[in-house]
Amino acid sequence: MENIKSTWKNSQQGEKSQTELLMMTKINNHPKIQKIKIKFLIEAILLSVFLTVYYTGLDGATKPLWANAFLIVCTVAFIIVRFVGWLVLQNPVKDSNLKKSLRQFQTNLKKVALSILFTAFLSGSAFIIFFTSSIDFTREKYFLFAGMILGLLCAIYLANRNWISRIKAIKTTLDELDDSNF
């Protein structure tokens, strides 16, 4: 038993400096990452509830089958992408080399952001299509329809800006890590 204890104490592999451990903790508990995780969880719960009640609550039976199917597929894709994003955010530091791991995390975060923006656009489109699929359009309703599309595009633009700022915050942490020279 003493032999195992001495081997363990003398092992140098996996030893991290105090600065490196502090930086890893800062990355894993980064406030931007925590906020994104909470947002993903809230969105997934609300959309799951929506999917369970939309058919009866929003007269899904009176809408065309293709509009219902498109709404369901896009909403489920939206939730799945959020779940994948949640998994990516669960453990940002996956390598013993902290700089390499953080660069990989930043790349993965960009991919997650792109897929989230795409599914958000699809889901927004599905909602618009679902709610307008059984409407007889007049001139005023076309203006409202155009306003809904413009609102969706503005929301996607703002979400994109938000993701850019989140990724920049992670890049700032990476720059701090580069400046610390370990």
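C154 is partly exposed, having a relative accessible area of 42%, whereas C74 counts as buried at a relative accessibility of 4%. These values come from a predicted model, and a search of the whole structure finds two salt bridges in it.

**The salt-bridge network**

- K39, E43 and R82 are linked with one another in a network of salt bridges, and E43 takes part both in the bridge with K39 and in the bridge with R82.
- In the bridge between E43 and K39, the closest N and O atoms are 2.5 Å apart, and both residues lie in helix α3, which covers residues 31–57, with four residues, or about one turn of the helix, between their positions.
- An α-helix has 3.6 residues a turn, so residues that are three or four places apart point the same way.
- K39 is partly exposed, with a relative accessible area of 30%, while E43 counts as buried because its relative accessibility is 18%, which falls under the 20% cut-off.
- R82 forms the other bridge with E43, and here the closest N and O atoms are 2.7 Å apart.
- Because R82 lies in helix α4 (residues 65–90) and E43 lies in helix α3, this pair ties together parts that are 39 residues apart in sequence.

- A nonpolar surface patch of about 510 Å² is made by I72, V76, I80, F83, V84 and L87.
- L87, one of the residues that make this patch, has its place in helix α4 and is partly exposed, with a relative accessible area of 45%.

**The cysteines**

- A disulfide is a covalent bond between the sulfur atoms of two cysteines.
- With the rule that a pair of cysteine sulfur atoms must lie within 2.5 Å, the count for this structure comes to zero disulfides.

Conventions: Residues numbered from 1 in each chain as written. Predicted model: local features only at pLDDT ≥ 70, side-chain atom pairs only at ≥ 80, totals over all residues. Heavy atoms only, no water. Salt bridge = Lys/Arg side-chain N within 4 Å of Asp/Glu carboxyl O. Helix = DSSP H or I, 4+ residues; strand = E, 2+ residues; numbered from the N terminus. Buried < 20%, exposed > 50% of the residue type's maximum accessible area, 1.4 Å probe, protein only. Patch = residues over 30% accessible without salt bridge, like charges linked within 9 Å, V, L, I, M, F, W, Y side chains within 5 Å. Areas by Shrake-Rupley, 256 points an atom, 1.4 Å probe, with all protein chains shown as cover.
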